[in-house]
Amino acid sequence: MCIRDRKKTSELEAERARGDAAEAALGAAKKSAERITNEKSELVDKLAIALRDVETANVQLTAKDDALYAAEGTIYEMTAKISDLETIAETTRSELTANSVLITQLHNDADTFDIRALSQQ
């Protein structure tokens, strides 16, 4: 083999080595791109799950807000009814006091009547 042939052989081997290195780099780049694509897909899936969780939480929060609003309305209505009942109770107390005074007067009148009736006999 002559020097020129050896030189060409060396150049071809070097070219082959560069080609092999380029193929290896391309393979690594493809694997890296696949890994990045898979990671991106996983992140998109996780984001979709998180968004569904947020939407579910918002629905639940809205339901709780609605229930709280309804409860506040009920509390307002019950407070009004309690106020009405307190007014009725106060009126009833006043009437009972007045009736008690009348009963006391009637007892006194009855006692006076009994005393008069006894004294007339």
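Predicted model: local features only at pLDDT ≥ 70, side-chain atom pairs only at ≥ 80, totals over all residues.

**Notes on charged pairs and overall form**

I started with E15, which is partly exposed at a relative accessible area of 46%.

Next I looked for the partner of E15. The side chain of R18 meets that of E15 in a salt bridge, with 2.5 Å from N to O. Both R18 and E15 sit in helix α1, which covers residues 3–120. The two are three residues apart, about one turn of the helix.

Then I wanted the total: how many salt bridges does the count come to? I got three salt bridges, so I went through the others too, taking a pair as bridged when a Lys or Arg side-chain nitrogen lies within 4 Å of a carboxyl oxygen of Asp or Glu.

The closest N and O atoms of E39 and R35 are 3.2 Å apart, and the two form a salt bridge. I checked their spacing: E39 and R35 are four residues apart in helix α1, which puts about one helical turn between them. Are these two residues buried, partly exposed or exposed? E39 is partly exposed, at a relative accessible area of 38%. R35 also counts as partly exposed, at 44% relative accessibility.

R93 has a relative accessible area of 48% and is partly exposed. E90, at 43% relative accessibility, counts as partly exposed too.

With the pairs done, I stepped back to the whole chain. How many helices and strands does the protein chain have? I found one helix and zero strands.

I then looked up the dimensions. The C-alpha atoms fill a box of roughly 170 × 15 × 10 Å along the principal axes. The radius of gyration of the protein chain is 51 Å, whereas a compact globule of 121 residues would have one near 14 Å.

I was curious about burial, and buried residues make up 0% of the 121 residues. Buried here means under 20% relative accessible area. The accessible surface of the protein chain comes to about 11100 Å², and 60% of that belongs to carbon and sulfur atoms.

My last entry is on charge. The protein chain has 16 positive and 23 negative charges, and their mean positions are 26 Å apart.

Technical notes:
Residues numbered from 1 in each chain as written. Heavy atoms only, no water. Buried < 20%, exposed > 50% of the residue type's maximum accessible area, 1.4 Å probe, protein only. Rg over C-alpha atoms; globule rule 2.2 N^0.38 Å. Areas by Shrake-Rupley, 256 points an atom, 1.4 Å probe, with all protein chains shown as cover. Lys, Arg positive; Asp, Glu negative; His and termini not counted. Charge placed at Lys NZ, Arg CZ, Asp CG, Glu CD.
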